Each structure stands twice: as C-alpha cells, then as structure tokens.
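This report describes the structure shown below, one part at a time.

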Amino acid sequence: MAETPDKPKDRWDKLAVILHPVGGLLTAVAVTAVGVMGSQVLNRRQALDTNARLYSELMSKREESESSLRKDMFVSIIQSFLKPGAGDLDSKVLNLELLAYNFHESLNLKPLFLDIARRLDAPDVKDRQAFRDRLNRVAREVTAKQLFALEGHGTSFRRTVDLEELKSQGRSGVALEKASIAMADRAFDVNLYVLDADLAAQQLKVRLEVKAPESSKDAVDTRVVFYVGWYDFPMIDNTRLANGLRCAVTLSNFSPAMADVTTVCFPGEYASLKDRPYYDEVIQKLQDSARIEDDSAGRRRER
Amino acid sequence: MNARKLVLMIAVLSLAGSLASAGEIFGKIVEGAASVGEGASLGVKCGAKAYPAIKTDKSGSYRMVLAESGKCSMTVTYKQLSASVDIASYDDPVQVDLVLELKDGKLAARRK
C-alpha cells in the first residue's frame, strides 16, 4: 500500500497538539480545586456545628445549674412556711418576698400571701401596718411586672369602679364599659361586672364575660365569677377562653371610694410556666399554622 | 392657744394631709389607633379644684400630679374640640389611657 504523503498541519492540528497535555493538566487542577473547596466547606460547616454544640452545651449546663440553685433556694424557703411555728413574722415576710420576686412566674403564691395576711390579723402583732405595706408592695410590683410583660403580647384595658355607686346598686352590681378586643385573627367582647366589694380585704367580686361578636364564627362564650385582690397575679390566675387565649383581671388601685381594675387578654403560651396547654389547643394551633402556610403558598402561586 | 391659731393649725395640717396623699395620673392618648402626638391638651378637675391644662408630648403621652385623691373629671381638647371622662385619683399612680373618636364633628373620649 502506498504511503500517503504528509498532509501539512493546519492551525487546528497545532492547537490540538498543544491542548492535549494542557487538558489533562486542567482536569487535574479542576479536581484539586473542587477537593480543596469541598474540604473548606466541610471544615466550615464542622466548625459551625461544633460552635452550635458547644453553645447549646454551655446553655444547658447554665440552665441546669440555675435550676438546681433555684430548687435549693425554693426548698429552703418553702420549709420555713411548712414547719409549724418556725420563724417569726419578719422572716416569713422576708421569705415570701424572696419567693415572690424569684418564683412569681411559676407558682401561685396567693395562699402564702393570704396565710401571712391572716397571721398579721392576730391581736399581738407589732408593726402590723408595716408588714401589710411590705406584702402589698411586693404583690403590686409582681402584678405590675407581669402586666407589663403580658401587655406586650396581648391587649389590656383599664376601668374605674365607683364603690359608692356599687353600694347603692346592691346585689345587682355595676357593669363596666365593654371592651372590644381583636387579637390573633379573633375578635371578642369583654364585659366586666363588679358584684361586691370587700373594703377591709381590699378585694372585688367580679363577673367576667367574654363573647364572640354575633357575626363571628368563633365559639367563645365564657362567664366566670371570682374575687380580685392584690394577691391575684395575671400570669397565674387567669381564665382560659375556648380559642387558646386567656384573660386576667387585676386590681390596680383601691381606696374606700374607688377602685381601678386592669383586664389583660393574651395568648395562652405567655401564661405561667406551670401551665400546660390543652391538647385540643395544641391541635388547633397546628391546624391554624398549617392553614396560614397554605394561604401564603396559594398567594405566592397567584403572583 | 387662742381659737385663731387653732383654726390656722388645723388648716395647715389638713393641707399637709391632702398633699401627702397626692396622686399621679399618666397615660397615652390615641385617636383610633394613631397617637395624637403633641396635638392634645388635658385638664383635670377634682371637686372644686381645677388643674391647669397640660399638653401631650410627641408620643401622645402625658403625666400630671394631683394634690387630691378621689373622683375627678378629665377634659381632653383635640382639634379644637373637647370631651370629658370620669377618672379616679389615688395615693398611688394610676394609668389612664384614652381613645379619642371624631364623629359628626363631635369628639368622644373613652378609656382604653
């Protein structure tokens, strides 16, 4: 077979000769670059994971030590109340102040407040008024703190009760001005009736009525009668409504002629730490959040 | 001690007593949902004593110290219209937030 004469190499052949080894080199460089970058990403992610783990470990350890400190503190303070005859009134009031300032979000301290108030009524108590003032001051401070926290997540309104008018009305009581509240996609009317006043104990007997407006599909219809005094704290002592919300009535001011009450309605998750949500409330909340997600997805698709 | 001195002493003591029970009234005024800003002024009358009107600040808030405790009437003036609400003054501070509503050329005030 006759040999074909060498065809002169054109520009493309020359380029192919040059690029053939360069291609291998580029592949090697690309593989190396991907490897280096991948390992950098992995290292960064690992560092972030380690930091997050370290942070959560530190937080949980801090939480643990704080809980154990609080538990020890709680046990030692509560024992002073439970041991019969232990401690004088001064130390009991001091212990109650400690409990109230440190545990007011987790415990209903009303029984302890009432117990000390009863002890103060004994005939041989010295400095009775000074102790009463201390009790009332701590109770008012705790109520104010809780109200301030709850008003940030809910809605409140204040009303004045004319105690002279209440006395003249007798057992029918006095109706306070209605408040219409709109919260968490829900609207309801809150009516408050003051039925009686105990001037000595500085407390009011009230009926709270919470109703959904007639046009609403909501089934809220709650009526409850209770006493409101200085030792009723809104995070602890509140009324559950059917829609996962709570309403609490607190005493803000009291004089022999007038009294001011503050009503706050707020989402159930801001109630005290001891409070657990009902299962149907949890399910309702999950359904609501699923519905909101579906609605927003629908709107995105429409756009 | 003559009768004149006795009367003077009683008057001084009763004045000191009423000042000691001075109460503070504070709060915020809104029209609908919006703050009234510096646009509102309010005066308080407790019995025979009238307190001079004060203006709200930029956020629509106000603060007043009253010498008496008991029933009082608060008059709010906004956009040259006035409305009154009954309030109570105590030895301790009391929060009175007001909601104003302009309807048919009339101003209505209610407690929040």
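In chain B, strand S9 (residues 98–103) pairs with strand S10 (residues 106–111) in the antiparallel sense, over six bridges. The model is a predicted one. Within this pair, B:Leu100 has B:Ala109 in S10(B) as its bridge partner. S9(B) and S10(B) form a hairpin, with two residues between the strands. One residue of the turn, B:Asp104, has a positive phi of about 50°.

S9(B) also pairs with strand S1 (residues 23–31) of chain B. Here the strands run parallel and three bridges join them. B:Glu31 has B:Leu100 in S9(B) as its bridge partner, and B:Leu100 is also the residue that pairs with B:Ala109 in S10(B).

A further set of strands in chain B is made up of S3, S6 and S7. Strand S3 (residues 40–46) is joined to strand S6 (residues 70–78) by six bridges, and the two run antiparallel. In this pairing B:Leu42 stands opposite B:Val76 of S6(B). S6(B) pairs in turn with strand S7 (residues 81–89), again in the antiparallel sense, over nine bridges. B:Thr77 has B:Ser82 in S7(B) as its bridge partner. S6(B) and S7(B) form a hairpin with two residues between them, and B:Lys79 in the turn has a positive phi of about 50°.

| Strand pair | Sense | Bridges |
|---|---|---|
| S1(B) and S9(B) | parallel | three bridges |
| S9(B) and S10(B) | antiparallel | six bridges |
| S3(B) and S6(B) | antiparallel | six bridges |
| S6(B) and S7(B) | antiparallel | nine bridges |

Taken as a whole, chain B has one helix and 10 strands. Of the 112 residues in chain B, 27% are buried. Among contacts between residues at least 6 apart in the sequence of chain B, 52% join residues at least 24 apart.

Chain A contains helix H1 (residues 11–82), which has 72 residues. From its first C-alpha to its last, H1(A) reaches 102 Å, close to the 106 Å expected at 1.5 Å a residue. A kink of about 35° lies at A:Leu19, shortly before the proline A:Pro21. How many of the 72 residues of H1(A) are buried? The number is zero, so H1(A) lies largely in the open.

Chain A also has an open sheet of four strands, in the order S1-S9-S8-S7, with antiparallel pairing. S1(A) and strand S7 (239–240) of chain A stand at the edges with a single partner strand each, so one side of each has no neighbour in the sheet. S8(A) and S9(A) are joined by nine bridges and run antiparallel. A:Phe254 has A:Ala259 in S9(A) as its bridge partner. Helix H4 (residues 128–151) of chain A packs on this sheet, touching S1, S8 and S9 of chain A. The direction of H4(A) makes about 45° with that of S9(A).

The two chains meet where 11 residues of chain A are in contact with 13 residues of chain B. On the chain A side, strand S1 (155–162), strand S8 (245–254) and strand S9 (258–267) each supply at least two residues. The largest share, four residues, comes from S1(A). The residues on this side of chain A divide into three nonpolar, four polar and four charged.

Terms used
Residues numbered from 1 in each chain as written. Chains lettered and ligands numbered in written order. Predicted model: local features only at pLDDT ≥ 70, side-chain atom pairs only at ≥ 80, totals over all residues. Expected span 1.5 Å × (residues − 1). Bend = angle between axes of the 7 residues up to and from the residue. Buried ≥ 20, exposed ≤ 12 C-beta atoms within 10 Å, placed from the backbone. Contact = placed C-beta atoms within 7 Å. Nonpolar A, V, L, I, M, F, W, Y, C, P; charged D, E, K, R; others polar. Pairing = 2+ DSSP bridges. Axes fitted to C-alpha atoms, helices over the stretch in contact; angles between N-to-C directions.
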